[in-house]
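Here is a friendly walk through the charged pairs and strand pairings of one model. Have the sequence and the 3D view ready as you read.

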Amino acid sequence: NGRAGVAFDPNGIVFAVSSGQNIVRLYDTRHIDQGPFSTFANKRNASLDIMYIKFSPDGNFLLCSTNENYIFLMHSFNGKVVQEYTDHQNTSGALDPGFTADGKYVASGSEDGSIFIWETESGRLVDTKHKEHAGPVGSVRFNPHYLMAASCCYNLVFWAHPEPEQSPPAAVRS
């Protein structure tokens, strides 16, 4: 069906594979010959295809992006869907969301050029950056050490926290 995705946990021992269907398989790198040790499916929305997958910074959750206006957070130990994020526009399945370094927030681009930021745990939409991009925002990534991020479509936008005397937040395009 769709695109396959793969992600390693923060310790590099477990990796998750999505095969473009509504299935996530977990493998142990020390026992790869034994096949997956867990297989999960999103029972809330069985018709979707998982396009991108990544572990949370603490390894406890999997962030799954789909081919629809639907991103979900799945517990990495039992496969239970614990949160859903649906405010963005996505019909192509080409949006790759990301976590902040502390895992407290999830960000995703949108086909309308916007970026959406949610609280990871509550799912509450906390910010939307409108039309900073000329096209669909395919990827949003946060710096693991500093309060900055980058997002891209046909162009790159670099987001840096302003100095205390500056406002609003700076967006630098290239």
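Arg141 is partly exposed, at 35% relative accessibility (buried means under 20% relative accessible area, exposed over 50%, and partly exposed in between, using a 1.4 Å probe and protein chains only). Arg141 forms a salt bridge with Asp96, with the closest N and O atoms 2.6 Å apart (a salt bridge is a side-chain nitrogen of Lys or Arg within 4 Å of a carboxyl oxygen of Asp or Glu). Arg141 sits in strand β13 (residues 139-142) and Asp96 in the loop between β8 and β9, so this pair ties together parts that are 45 residues apart in sequence.

Asp96 also meets the side chain of Lys54 in a salt bridge, again given as 2.6 Å, N to O. Since Lys54 belongs to strand β5, this contact ties together parts 42 residues apart in sequence. Asp96 is buried, with a relative accessible area of 14%, and Lys54 counts as buried at 14% relative accessibility. Together, Lys54, Asp96 and Arg141 are linked in a network of salt bridges.

## How the model was read

This is a predicted model, in which local features need pLDDT of at least 70 and side-chain atom pairs count only at pLDDT 80 or more, while totals for chains, interfaces and linings use all residues. Residues are numbered from 1 along each chain as its sequence is written, and side-chain values use heavy atoms, leaving out hydrogens and water.

## Around strand β6

Strand β5 (residues 50-55) runs antiparallel to β6, joined by 5 bridges (strands are DSSP runs of E with at least two residues, numbered from the N terminus; two strands pair if DSSP finds at least two bridges between them). Tyr52 has Ser65 in β6 as its bridge partner. In the hairpin of β5 and β6, Gly59 takes a positive phi near 80°.

On to the next pairing: β6 and strand β7 (residues 71-75) are antiparallel over 5 bridges, and Ser65 has Ile71 as its bridge partner in β7. Strand β6 (residues 61-66) has 5 of its 6 residues buried, so it is largely enclosed by the rest of the structure.

## The β11-β12 hairpin

Strands β11 (residues 115-119) and β12 (residues 125-129) pair in the antiparallel sense over 4 bridges, with Phe116 opposite Thr128. They form a hairpin with 5 residues between them, and Gly123 in the turn has a positive phi of about 80°.

Arg124 forms a salt bridge with Glu119, the closest N and O atoms being 3.0 Å apart. Arg124 is partly exposed at 48% relative accessibility, and Glu119 is partly exposed at 24%.
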